[in-house]
Structure formats: structure tokens, C-alpha cells
Amino acid sequence: MLKKIRTISAIIFLALITLLFLDFTGTIHSWFGWMAKIQFFPSLLALNFGIITFLILITLLFGRIYCSVICPLGLFQDGVSKVASKRKKNRFFFSKAMTWLRYTVLGLFVIAFIGGFGSFVAFLEPYSAFGRIVSNIFAPVYQGVNNLLALLAERVDSYAFYEKEIWIRSVATFSVAAATLAGIVILAWRGGRTYCNTLCPVGTILGVISQFSYFKHRIDVAKCNSCGLCARNCKASCIDAKSHTIDYSRCVSCFNCIEKCRKEAIRYTPGIRQEKPELQTEPEKVMVSEEQVDSSRRKMLTIAGAVLATSAIKAQEKKVDGGLAFIEDKKIPKRQTALVPAGSQSIRNFTRQCTGCQLCVSACPNNVLRPSTGLVTFMQPEMSYERGYCRPECTKCSEVCPAGAITRVSVEDKSSTQIGHAVWIEKNCVVLTDGVSCGNCARHCPAGAIVMIEKDPDGFDSAKIPVVNTERCIGCGACENLCPARPFSAIYVEGHNMHRTV
Amino acid sequence: MSDKNKNSNKLGRRGFLKILGGTAVVSSAAFAGFKPKDKERGGIALGEVPKGKMTYRTTPTTGDKVSVLGYGFMRLPTIAGNSARENGGNEIDQEAVNALTDYALEHGVNYFDTSPAYCQGRSEGALGIALSRHPRDKYFVATKLSNFAPNTWSREASIEMYHNSLKELKVDYLDYMLLHAIGLGGMDALHGRYLDNGILDFLIEERKAGRIRNLGFSYHGDIKVFDYLLSMHDEVKWDFVQIQLNYLDWNYAKEVNPTNTNASYLYDELEKRGIPSVIMEPLLGGRLAKLPDYLMGKLKQQRRDNSIASWAFRYAGSFPGVLTVLSGMTYMEHLQDNIRTYAPLEPLSEKENDLLEETAKLMIEYPLVSCTGCQYCMPCPYGIDIPSIFLHYNRCVSENNFPQSSQDENYSRARRAFLVGYDRTVPKLRQADHCIGCDQCTHHCPQAIKIPAELERIDRYAESLKQGVI
């Protein structure tokens, strides 16, 4: 019964949390966004004391039930383990706790966190590891299926599905996600919850608390026939069948043992008796290969400049009708200061709080957020406007962030939060290079921060160029995105270290 | 296998097959005689497409007997199924063109209109290939001197274009030759293209020599040019003039766009002088084939079996001074429907005329963009897909997917249809928000649409939908 309840809850949580990362329409966030917000480490980052207290309380009551019901990486490992169990039953065996490893990793984790090494923190943390795996590896598949459905929908004149451009944002993050996935699958296949009891910092912290939990799995020695089935089915390898003891710092409250025991010798009962964990060591391989592929998005290739010349031919010279001009891809400008979304308040706050889970990246409907490839901020999102701009009415990233890296902002606040300002680059501007009248930047600026003025102060020159009022510009990037100059935009946004209201 | 005893009373496989086969042979023989009388599989309701019943009109100057249905070669079928989004997708489906041409000739159509500018320059070649498979005296071919680009205004370049047309069309003489789209660019363009370089005189000489049998011009835009050329009629003796005429442009051309002239004026001026008119845009670029639902309903009430397009065609053909009505029939269905309309042509009754006048009045209330999809504005140098944007917008307005307020009862469905449909019809980088307003397109538009302004209007609307302001 207990196992059944646990399993059903786990499946629901896993499915919905996975959907949070996959659903690009953003509808699931309004109902189930809270599932991301009750994750342990993000709540810690967000200083969400309510949730932290709640999680500590349930651990104190029920043991590490968090690891079996709420943590998506844990649930994912359970899934893998279940498949492995079908091929080989009763495959686990008791192993001694690798306490030195757990606490060392936890120590390193805390040091990295305090020191601001966001990449290490993000890498190790279970929820963000899961998020990265889903966003990079499962999301393209999900979107592919969606696009197929959209194709069919178009044929029957239905608007139920629409096409979503599949975009693998960063080779580096993809590789890390793939490596993480491989690592987790291998560990789960071999040992069930190996990661959870050796590397996971959340597991280690909760393990400290769960030793004092009120409800515990207790073995009734009288009923036990020492068959060892419980130990051979314990994912956490924490049941010592010989001595009838359970290491409560590693038990993830999955209730598999209770289900398996034929003598009903294990029961999940309240009590205040304390069990001391045995401190022993055992060598074990830890393998999570890290590949940092050096790739820059500047690898975007441009087709020959000859086509550029063709597209710049004035219409008066064309002799025939029809056809579409070739459009070159825009290149990402080199910004001196990076852009972080409205709600993150400052770059410092953002890099400190962000756990690199990719939830905001998945949720961004305009393809603005993507994982960074910088060393210190690796996998944390950064913004760029070559595919879309930060629309004034959208606050999706602030709605979904569970770690408080992007705090919740209202549409009104966002439209007056300056995250950067626009800068005009004279040599790229089509007004001067093509001799046409433009003004697309001024036309679309939601803050009305751009004005077109005559280039020549005497006013006789009819060419009009844009001028940016940096006291009104909010850095939304509409100008950068809609500027016709390609591949280098003639107007782009420089980030600010700290955001302010304008 | 069971023993024979068991099988003696049962059918068994072999026996079953024998009976089945025997029955099949016997019954097919028996039913062979019972074929339904009507051999046409499709069109049982409408009957066969009439052959040998086409209405003809005669030109006063050369005595040509021209079918009142003319074939326009500006909207040819493409291999990519007419979704010519990518540049490569514009390859003309020559097989289909050949089939359509053959069918048209078989059913009495004998006037074919093209130009060196149509279909990115490939239309004349396609027509030449299709027609050269038939005897020369069975068809009339019409083309134009489309020297729009300033670097073709020189005498040499224009004459070269003319000779190239003859070559592409695989003919030694042209039945009908037109000065293309006079009025675009005003009097200056007229002088530059035809008068100052002596091209008009050249064409008149060609007519004397018999290489051009009928000389005329097509008109769009500045009415001064039209009036001027007509004033030269005593000198030049125009054999025909091509004008835009349909039940919207008859009286409401200015509402459709302000620089247009009412077709009533144009037609009357020509009739006064006894010059036959060749009609273009009878369907206003297809808009009059796809009326908004309730307008369509009223027409269908009168004639249930006739297509909406047939009304516009009958309207254009009903004028006695009209020589032929041009239709760009991309698909066989278009061709067949038009043949049904014109073979023979049943002129409009007065009641039907009034109904169309009413329809026209209601049409101009709709904020549609009068784009005919002619592609003269393309390619936009910054990649905007102008005709597709207008097409999507017009379609949404006609289909009631154009919500004006979030309180509209079909708001969420209509909003979704507009925005998702927009992304489906036009790739994001080619949508209206990327139009920079450089205004290189406007002077090419035969309908004189203020393209950047209309694009901005549509973009503002889409933005207000996206931002939830509406």
C-alpha cells in the first residue's frame, strides 16, 4: 500500500515536472509551476523559508520521502532502475556508507556556492541536472512530435497545434546534459540510487535530518527469517540484513523493502528510538565525464556576401516580378556587459541565485534566453535578441524561476525596468549603407526611447538616423531584433550590471 | 489434414474458391450491360463541360474572331504546388501548362495573354512551348513591352525585349501587342519608355509590316496618361485597350484605392471611340471569388449551381464593347468553371446587376487590402513577403477572424486563427514588423496600395493581439 501510494505520487510528479520543461506553450506553468518551486535547493536559493521548513519537517517526520516523491532526478533514477530490475531481479546488495565522499562533495558544493562558482553548483544539483537533461535532450524530441502534429493540424485546417522551431541552443550545454544523462543512467542501472547517496548534496543534507525521523522502517527481528530479500531490493543499498539494521541517512523511503518482505517483518512505524549509522568506507568509481566543447555561437555561418549584394539591389533595377530575397542570419553582437532578465535585479544576484536548471530557457517564448558558455556562468541563461526580443507583455521567466534568480515582476514593473540600453552603430545602418529611409527601430520601440533625426544638423540632409534616449530605453531588444542590417545589427543592447527603474 | 470422411459434407477451401470464382465471372458478365448512363465520374450534377459553344467577339479593325474568355498567363501552376516560398519553388509546371492550354483550345479559347515580366520572366517561354504544339492560325497570342526598369528604356534595350518575346513565344508575328501598364510612373514614364525613344513609332512600323496585327496598351494608375494616349487615337488608331473592370471597380475604384479610376469612365471612353476593351482583373485578383460568407450566401441563393466567380465573369462579359475577359486560370477547375460560364455567355439580367451593385457596396465596407497577388512589388530587398501578408490579412477579415475587442464572442478562436495562421503563411523574418518603410515597392503596385502604411497597420494589429491590448 505504501509503495503504491509512493509510486503513484512519484509518477505524477515526474510527469508534470518533465512537462514544465517541455511545454513551450506555457500553459502547464500556471497549474503546476509550484512543483518547481518546492524543490529543495531552489527554495534554499530563493530563501523560501516556508518551503524549506516544510521540507525539513516532512523529512523529520517521514525520512527522505522528498527523494522518492518530489525530486525529479530521483524519480528518473527510479524509472531507470525499474527497467534494470526487469532484466535482473534482486540485484542490489548492502554497501557501507561512503560518508567521506558525501561530506567532501557537500563541502565543495557549499564552498563553490559561497564563492560564486555557479557552474559547479549548477552542475551537481539534482533538480537543475534533471532540467538540463529534459531541456536539451527530450525537448527536441517532444517538439519534433509537436511539429508533426502541427503539420497534420494544418492539413485539416485546425489551429490546435502550431509549429515550434527546434533550436539546440548550445553544444556545450547539450554535451554536459548528455554526459549527465549517461552518468545518471549508468549509476542508476548499476546501483539504483548511487548518485543520491554519494554525490547529491541535497541527499546528504536531508540524510543528516532523516536519521532522526519519526517514522522509520523497522525490522521486527522476531518475524525476520534473514532471507535478505529486503537488502537485495533496497535501491539505496542501506539495509544490512545480517544485523537487521537500516542506515537511515541513506534510506529514501521508497517502501520497496516493505513490499518485498514476505514475513511482514519490516514495518514503517513511528518511534523515537535512534539508530546510529555505521561509518565505513568502500571504494567506488564516480564517473561523470565532463566535456566542455569549445563552441561559440559565432560559428553561425553566413552564406556568401554575393547574396548580400543581390539582396541590396534596388527595386527599380529589377526586371521581373516575384521571388523572395534571401535573408542572412543575424550574428550575436559582442556585449561588454551581459544581459540578464528583468526581475534578476543585478548580474551578481543572478549568478548567485541561478542553479542553471533551464526552466526559464524552456519557458521563454521568444527564444531570447539561452544557456551561457562562459566558464563561470556556464549553463546559466543569458539573453540575446537575434531570434526574438524580450516582449513587453511577457513575464514568463520571472513566473517560472524556482530559485529566485529571476524574481517575480508584474508587466507594469517590467516595462519600466532597465536591463540595458541600446547603442547605435553608424557603419551598419542601412540608412547610410543602402541609402534608404528606415526607422524600424524607432517604430517598434515600446518605450518610445528612439527618435529619428536628420543626420546633418543643418537639417537639409534628408537621411534620418536613430538616436537613443538612454533614460527611457529598457533594453528590450526590439530594435536589435527588427533592425534590417545583417549580419551585424546597426543597433544593439548593452547590458547593465544592476537594473534600475526608469 | 482431416480425413475425407470429415470433409464430405463440408465445403472445403477448394470448393469455396470455385463457387466464388464462378459467381464473379457470371455476375460481371450479367452486370456488364448495366452501366450508368452518365459516363462522367465527376460533375454528375453539372454535366459535361460544353464544347463548341464558346461565345466569340470580333475586332472591328482586323476582324479577328476572339473567344470572350481569354487565358491570362501571369499565375501559372508551379511544381512546388504553388507554395512558391523559396526561390527555387517557382519552377513552372510545364506539363500542367500544356494540358491546360490543350484543354482550353479544345473548348474554344483562342486568346492567350502574357508578358516578359510575368512569373519571374518565364511565362512567355512556357506559353511558347505550350502553343507551338498547335497550328499557328488556331490561336491569338498577346504580349507586352514591359520595359519598366530604367535601364531598359533605351531604344536598343526595348527593341531587344521585343525580339526576345518573339523568340520565346516561338512566333514570327504577334497578334496583339501592348504597351505595358501605362500610367504607372505617370507621364514621365510614358515619355521615357515609349515616346522619347521612338518605341511607339517602332511598334507602329511593325504593325504596318504585319509583324504586329493589333496594337494597344494596358492601363493602371495615372489617368492623365490614359487620356493622353486616347487623344492620340486619330494618329495611332489603337486596335484595343486593356483595362481593369469588375463590379467593384465599376463605381468604387476610388474606395478600393484612391488613384484608381472608375471602370465606368474607362469603358465609356473606349466605347465612344469604338475601341474594343480587353478586361483584366475581372475577379480583382481573386478577391471576388472568395466573398465573405454572408455575401456569398446571397449570390448562391439566386443561382445555386453557379460558382461565385462566375458572377464576376458574367458581369465583365456582359458589356458589349468587351472583346475578351482575361483570367489567370492556374488550375483545371478554374478553366472548366470559366468555360461553363462563357460557353455560351448568358448576360446578366438587371436584377442580377443590382444584386452585384449591392454586393460591391458591402464589400467596400470591409477593411481589405486590394492586393491582387500580382507580385510586381517583389522581391522586396529586405525580404518581406508582401503578397502573403496581405493574403493572410484579407483572408482573416473575410473569414471573420479579425476580432476588434476581447469581448467578441469568437475572440480566442479568432485570435488563434489570426496569429497561428500568420506564422503558417509567412515565415517570421518576412512578416510585416520587418518592413523598414524604404518605399521601394509602392510605385510598382498597379493597385497603388500604400504598401508600407498598410503593412504597418497590419503589424500594429498583430502586435495588439499579441500584447493582449485588444
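Hi everyone, let's start with one residue: Trp250(B) counts as buried, at 18% relative accessibility, where buried means under 20% relative accessible area, exposed over 50% and partly exposed in between, with a 1.4 Å probe and protein chains only. Before going on, this is a predicted model, where local features need pLDDT of at least 70, side-chain atom pairs count only at pLDDT 80 or more, and totals for chains, interfaces and linings use all residues. Residues are numbered from 1 along each chain as its sequence is written, chains are lettered from A and ligands numbered from 1 in the order in which they are written, and side-chain values use heavy atoms, leaving out hydrogens and water.

Tyr267(B) is buried too, with a relative accessible area of 3%. Trp250(B) and Tyr267(B) form a tilted aromatic pair, 6.0 Å centre to centre with 55 degrees between the planes. For the terms: rings of Phe, Tyr and Trp (its six-membered ring) pair if their centres lie within 6.5 Å, and planes under 30 degrees apart count as stacked, over 60 as edge-to-face and the rest as tilted.

How many aromatic pairs are there over all chains? The count comes to 36. Take Phe21(A) and Phe130(A): their centres are 6.5 Å apart and their planes at 80 degrees, so this pair is edge-to-face. Is Phe21(A) buried or exposed? Phe21(A) is buried, with a relative accessible area of 1%, and Phe130(A) is buried with 2%.

Finally, a group to find on your screen: Phe21(A) and Phe130(A) belong to one aromatic cluster with Phe76(A), Tyr127(A) and Phe138(A).
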